[in-house]
Amino acid sequence: MIMKLSSSHMDNIPSTPGKFKMDKSPYIHRFRHYSSLAKLTFWSFVFLGLIVVFFFKSPSTSPPNSMPSDLSRRSLKTSSWGGPAWEKRVRSSARIRSQNGLSVLVTGAAGFVGTHVSAALKRRGDGVLGLDNFNNYYDPTLKRARQALLERSGIYIVEGDINDIALLQKLFEVNPFTHVMHLAAQAGVRYAMENPNSYVHSNIAGLVNLLEVCKNANPQPAIVWASSSSVYGLNSKVPFSEKDRTDQPASLYAATKKAGEEIAHTYNHIYGLSLTGLRFFTVYGPWGRPDMAYFFFTRDILKGKSIPIFEASNHGTVARDFTYIDDIVKGCLGALDTAEKSTGSGGKKKGPAQLRVFNLGNTSPVPVSDLVSILEKLLKVKAKRMVMKLPRNGDVQFTHANISFAEREFGYKPTTDLQTGLKKFVRWYVSYYGSGKKNSH
Ligand SMILES: NC(=O)c1ccc[n+]([C@@H]2O[C@H](COP(=O)([O-])OP(=O)(O)OC[C@H]3O[C@@H](n4cnc5c(N)ncnc54)[C@H](O)[C@@H]3O)[C@@H](O)[C@H]2O)c1
Ligand SMILES: *[C@@H]1O[C@H](CO)[C@@H](O)[C@H](O)[C@H]1NC(C)=O
């Protein structure tokens, strides 16, 4: 399988300089036979050497923002949409099939949470249309497999970028969505050191673009979107409550999510958009994200590879409030169902609109070493633990949600403990990838 996702996501880097070198060497060989051209050979060798050096250097010396713009250009280019057949497909997917059902545009529908939320909405008769750019932050074949899963229940995922304003406008033209479930984002904390602009592209520019289209839509949809527990940053008061300070992000990812919350405030204030932000706490489960610890721990334990277990300074425990995907889905649906209508239309505000932020967590932080012990038991393989100091590149020491607000507003109550949830994850993992070594490398 193409599952190659260690801590560094080098898969994203376009053409490798090594490839270039290899293409050129046979060319040099051909010239060697002509002794009269010895001088020319020498100089062409020098010249080619310079070219190779130039190409070798250019990707790494170019400013880091050249890569993401390539990425965005690529994702904008690959989207092909339009035409009567396409519109019919969009309408059919978004059609409401139950009384008082919603018609929901789900961004990031090929993602982990997006897939589960889309399927749940569809099951209860809501109309669902997906949108995803299928980027390669992690193995896109997993996104394609999720897409195939949704397709079987009649959900169409349009391939496109949330930055593509013409596409978004077209979608609202074709179907008057009552709600937007906005889950498309650049997730992950450590990847920001490799590709910071992908966070700006999806989490800030993309969000603004989406809100622009929503505020112009008539009627305006209500929007529920994914923020993150990471906005609590260096906050040390536990459990984290929505009223706690969130102005000390510890990662660029967190900073872009925090920015999103402020942008949401603006669009609510100026245009009357109904906006609900959900601060997810470490979501896990079947069809999960390969860049998350529970996922690659499982893979590496099965492969007999050692796994890094972080501890904070003075041997402090690193713990997470792991939240099972089904509980998160219930929270998303609860937020959608209690979202009030936006009050504006045609870009104008008519009155004050709803603005909310909720924690969606599990309320029981579990040390990462306990997570590993549970996995060892489920996989029946002993893990090779490598205890390391928590790097200061974005991960916080612990997270713990106070969920009383979501409980009060829409009865949010997580019911799956880590043991039970991981059992379901492992069962899925083994059926998808197999338990042997043949599928990984
Ligand atoms: N999983 C968690 O533990 C967790 C925790 C906190 C917050 N969140 C947030 O929840 C949301 C869903 O997370 P997930 O775990 O399902 O991540 P995911 O990466 O599996 O899903 C995100 C999807 O969005 C798509 N996408 C990204 N940028 C896009 C763009 N510019 N245009 C169109 N599509 C784009 C990706 O291809 C991907 O399929 C994200 O906003 C994430 O930041 C997740
Ligand atoms: C949780 O948050 C609520 C406010 O939403 C607050 O009243 C309550 O005291 C908090 N609980 C704890 C344990 O901090």
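# Notes on a predicted model

1. Let us start with one residue: Lys-380 is exposed, having 8 other C-beta atoms within 10 Å (buried means 20 or more other C-beta atoms within 10 Å of a residue's own, exposed 12 or fewer, and partly exposed in between, with C-beta atoms placed from the backbone). Lys-380 sits in the loop between helix H12 (368-379) and strand E14 (384-389) (helices are DSSP runs of H or I with at least four residues, strands are runs of E with at least two, and both are numbered from the N terminus). Its phi is near 55 degrees, a positive value in a residue other than glycine.

2. A word on reading the model. This is a predicted model, in which local features need pLDDT of at least 70 and side-chain atom pairs count only at pLDDT 80 or more, while totals for chains, interfaces and linings use all residues. Residues are numbered from 1 along each chain as its sequence is written, and chains are lettered from A and ligands numbered from 1 in the order in which they are written.

3. The overall picture comes next. The chain has 14 helices and 14 strands, and 41% of its 441 residues count as buried. Among contacts between residues at least 6 apart in sequence, 82% join residues at least 24 apart (two residues are in contact if their C-beta atoms, placed from the backbone, lie within 7 Å).

4. Ligand 1 has 27 residues around it, and the closest are Gly-108, Gly-111, Phe-112, Ala-185 and Ala-226 (a residue is near a molecule or strand if its C-beta atom, placed from the backbone, lies within 6 Å of it). Helix H5 (112-123), helix H8 (196-216) and strand E5 (222-228) each give at least two residues to this shell, and H5 has the largest share, with 3 residues. By class, the shell holds 12 nonpolar, 11 polar and 4 charged residues (Ala, Val, Leu, Ile, Met, Phe, Trp, Tyr, Cys and Pro count as nonpolar, Asp, Glu, Lys and Arg as charged, and the others, Gly among them, as polar).

5. Around ligand 2 are Pro-239, Ser-241, Asn-402, Ser-404 and Phe-405. They divide into 2 nonpolar, 3 polar and no charged residues.

6. Another cis peptide bond runs from Asn-218 to Pro-219, with omega near 5 degrees. Pro-219 has its place in the loop between H8 and E5. Most residues other than glycine have a negative phi, and most peptide bonds are trans.

7. Thr-363 is not a glycine, yet it has a positive phi of about 65 degrees. You will find Thr-363 in the loop between strand E12 (355-360) and strand E13 (366-367). Thr-363 counts as partly exposed because 17 other C-beta atoms lie within 10 Å.

8. The largest nonpolar core has 101 residues, of which Val-104, Met-181, Val-224, Cys-332, Leu-336 and Leu-360 touch the most other members (a nonpolar core is a set of buried Ala, Val, Leu, Ile, Met, Phe, Trp, Tyr and Cys residues joined through C-beta atoms within 7 Å). Leaving aside neighbours within four places in sequence, Leu-336 is in contact with Leu-102, Val-104, His-179, Met-181 and Val-224.

9. Ala-222 belongs to strand E5. Ala-222 is buried because it has 26 C-beta neighbours inside 10 Å. Not counting residues up to four places away in sequence, Ala-222 touches His-179, Ser-274, Ala-339, Glu-340, Lys-341 and Ser-342. From C-alpha to C-alpha, Ala-222 and Leu-273 are 6.6 Å apart in space, though 51 residues apart in sequence.

10. Arg-97 counts as exposed because it has 11 C-beta neighbours inside 10 Å. Arg-97 and Gly-127 are 30 residues apart in sequence and 6.8 Å apart in space, C-alpha to C-alpha.

11. Lastly, a helix pair. The axes of helix H7 (residues 165-174) and H8 come within 10 Å and cross at roughly 35 degrees (axes are lines fitted to C-alpha atoms, for helices over the stretch in contact, and angles run from 0 to 180 degrees between N-to-C directions). H7 supplies Ile-165, Leu-168, Gln-169 and Phe-172 to the contact, and H8 supplies Asn-209, Leu-210 and Val-213. By class, this contact has 5 nonpolar, 2 polar and no charged residues.
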